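Q: I'm new to this one. Can you walk me through it?

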Amino acid sequence: MRKTDLSVLKNKEKRLVIGLMSGTSADGIDAALTEISGFGTSIKVKQLDFLFEPFDPAVRESILRLAKGSYGGSAEICKMSSLLGKLYADACLKLCRQAGISKEQVDLVGNHGQTVWHMPVKENYLGTELTGTLQIGEDAFIAEALECPVIGDFRVRDMAAGGLGAPLVPYTEYLLYRKTDKTVALQNIGGIGNVTILPKNGTLEQVIAFDTGPGNMVMDALAEKLTKGQQTYDRGGRLAASGNVNSGLLSFLMQDPYLSKMPPKTTGREYYGEEYVKRLLQYGEREKVSLTDCLTSATRFTAESIAQGIRRFSPEKPEVLIVGGGGSKNPVLLQYIQECLPECRVMTNEEIGYDSDSKEAVAFAVLANEALGSMANNVPGVTGARHPVVMGKISL
């Protein structure tokens, strides 16, 4: 078993750090191998390798059931957390083999975990008003398998300081994407859509970020229903391309009160999950909108919600919108976003030499690196936290 001195690790010139991400779509594990030197604005990050390890359908189904909040109890959550910890560890070892390195060469792992419940709005529980969040996937299994420190469970520290616990990626986006000569917006489209706006030559305090609304989550549910479970998402936007936007349904969706809510704000499956899709389908049935047209309309709605968020809440209009996440592979969605934001150049991470698939996994490698260096790694102006904090718990 390796003995790890965190002060020695902190002072290394370069560290090999694996970042792990499994998002609200619960489709699998993103694992990115990075080489990192420095901390804060002097950080340098190089992606060395990446893999995506899909969840077995039964595992995905169980995660989605847990994420409803009404299924399972402590025993079910315990079992899934241990299972995910083992799956994360396996993904790390597989990534090492793919990259041609030994596990002993890995210095640190940053693990987002799997969100099964996120409660950013205060609720009364046993006489106390509180917020909360739960990411599962036991870090100790990763630490045991790789014999190195693992930093995970980032969100709760920000929430303890009064923040929403999301979004977290804007900190890393500021470090890696900021420009002195232009305002840049970065739109991630995973299960949920989230945007970060980096003002031209701006400071970290000037960064604006929030969840724009649904990303792929609603579209995925409709694609699965349309194909009777044969597809879990709309591959290449082909299903949406075969339908038409129904103006009535789109107008109905655009009445969503979340869209006009002022930042800081965050959302998730608890809002845009099964009940939301059910209401959408009920409208479709009542107004005789075909399932295909429901999907096309939902695709347009995702684009419109992104555009509305940027127009309404960004004081500086971005010249460029860089799209990442699974939604960046949907050309119909990208076309709709460009139509909704004609004054802004819409492009993907790949067009600037980055990888859309690995972006969030890399972000959690960076967040872990910052925690190692005792660097505050939240953005209070984005999350609503009272002050900067160092997010992440360490398993040695």
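Q: Is Lys 44 buried or exposed?
A: Lys 44 counts as exposed, because its relative accessibility is 58%. Exposed means over 50% relative accessible area, buried under 20%, partly exposed in between (1.4 Å probe, protein chains only).

Q: What kind of model is this, by the way?
A: This is a predicted model: local features need pLDDT of at least 70, side-chain atom pairs count only at pLDDT 80 or more, and totals for chains, interfaces and linings use all residues. Residues are numbered from 1 along each chain as its sequence is written, and side-chain values use heavy atoms, with hydrogens and water left out.

Q: Back to Lys 44. Where is its place?
A: Lys 44 is in strand β3, residues 44-54. Strands (E, at least two residues) and helices (H or I, at least four) are DSSP runs, numbered from the N terminus.

Q: And what does Lys 44 touch?
A: Glu 35, Ile 36 and Ser 37, not counting residues up to four places away in sequence. Contact means heavy atoms within 4.5 Å.

Q: New topic. Which residues of helix α9 are buried?
A: Leu 249, Leu 250 and Leu 253, in a helix of residues 247-254. They cover an arc of only 100 degrees around the axis, which puts them on the same side of α9. The arc is that of the directions from the helix axis to the C-beta atoms.

Q: What covers the buried residues of α9?
A: The cover includes α11 (274-286) and α12 (291-313).

Q: Which residues touch the most other members of the largest nonpolar core?
A: Val 218, Leu 222, Tyr 272, Leu 280, Leu 321 and Ile 337, out of 46 residues in that core. α12 gives the most to this core, with nine residues. A nonpolar core is a set of buried Ala, Val, Leu, Ile, Met, Phe, Trp, Tyr and Cys residues joined through side-chain atoms within 4.5 Å.

Q: What does Val 218 touch?
A: Tyr 272, Tyr 276, Val 277, Leu 280 and Ala 298, leaving out residues up to four places away in sequence. Apart from that core lies another, of 39 residues, with Leu 186 and Val 389 among them.

Q: What about Ser 314, buried or exposed?
A: Ser 314 is buried, with a relative accessible area of 4%. Ser 314 lies in the loop between α12 and β10 (320-324).

Q: Last one. Which ring does Arg 65 lie over?
A: Arg 65 lies over the face of Tyr 71, at 4.6 Å from the ring centre. To count, NZ of Lys or CZ of Arg must be within 6 Å of the ring centre and within 35 degrees of the ring normal.
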